[in-house]
Amino acid sequence: MKSQHTIDDAGRLSFPAKLREALGKSFHIIQSSEECLLVLSEAGWQEIIDRINSENTPDVAKKLKRTIDATSQEVEPDSQGRIVINQDLRRHAGLIDERQAMITGLMEKDKAEIWSVSHWEKKTQEIKEDAEVQGKLASFGI
């Protein structure tokens, strides 16, 4: 699933009803290692926290917690299904100057991604040019 939406001047983004239902009443947005934002349900968020807490090196766990905490935001959609994305997260995803966002489900109930349209187009082009991925898709009959 993917859908394109506009971010307004207040940083509000209409979030698809189907994904809101899957993610729950509130969810977490975090910077991805790619040029997008990762959206996690409470369960998905807790999974990350649990993985960090099980880290064997306390210093590494502390650094991970600081990084995650500094680059995440909990959101709850308003009555119109909009979420407010803070400026730091929008900047990471290229959504300050570009107001068109692509929201994609990840074929997992507790995750989604938010991309700027230009970053999304770049990523999908990379996927189209990736012979290994194309070969796997072909093996699935896709």
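1. Glycine 24 lies in the loop between helix 1 (17-23) and strand 3 (27-31); helices (H or I, at least four residues) and strands (E, at least two) are DSSP runs, numbered from the N terminus. Glycine 24 is partly exposed, at 29% relative accessibility; buried means under 20% relative accessible area, exposed over 50%, and partly exposed in between (1.4 Å probe, protein chains only). From C-alpha to C-alpha, glycine 24 is 9.5 Å from alanine 43 in space, and the two are 19 residues apart in sequence.

2. This is a predicted model, in which local features need pLDDT of at least 70, side-chain atom pairs count only at pLDDT 80 or more, and totals for chains, interfaces and linings use all residues. Residues are numbered from 1 along each chain as its sequence is written, and side-chain values use heavy atoms, with hydrogens and water left out.

3. The structure holds nine salt bridges, a salt bridge being a side-chain nitrogen of Lys or Arg within 4 Å of a carboxyl oxygen of Asp or Glu. One of them joins aspartate 8 to arginine 12, with the closest N and O atoms 2.6 Å apart. Aspartate 8 is partly exposed at 23%, and arginine 12 is partly exposed at 29%.

4. Aspartate 59 and lysine 63 also form a salt bridge, at 3.3 Å from N to O. Both residues lie in helix 3 (residues 58-70), four residues apart, about one turn of the helix.

5. In the salt bridge between lysine 123 and glutamate 126, the closest N and O atoms are 3.2 Å apart. These two residues are separated by about one helical turn because they stand three residues apart in helix 5 (residues 117-128). A network of salt bridges links Glu34, Lys123 and Glu126.

6. The largest pocket holds about 350 Å³ of space. Of the 14 residues that line this pocket, Met107, Trp120, Ile127, Val133 and Leu137 are the closest to its centre. On a 1 Å grid over the protein atoms alone, a pocket is an open set of points where a 1.4 Å probe fits, with protein on both sides within 12 Å along at least five of seven lines; lining residues have an atom within 4 Å of a point. Helix 5 gives the most to the lining of the largest pocket, with five residues.

7. The second largest pocket has a volume of about 180 Å³, a volume being the space filled by probe spheres set on the grid points, which are joined across faces, edges and corners. Helix 3 supplies the largest share of its lining, three residues.
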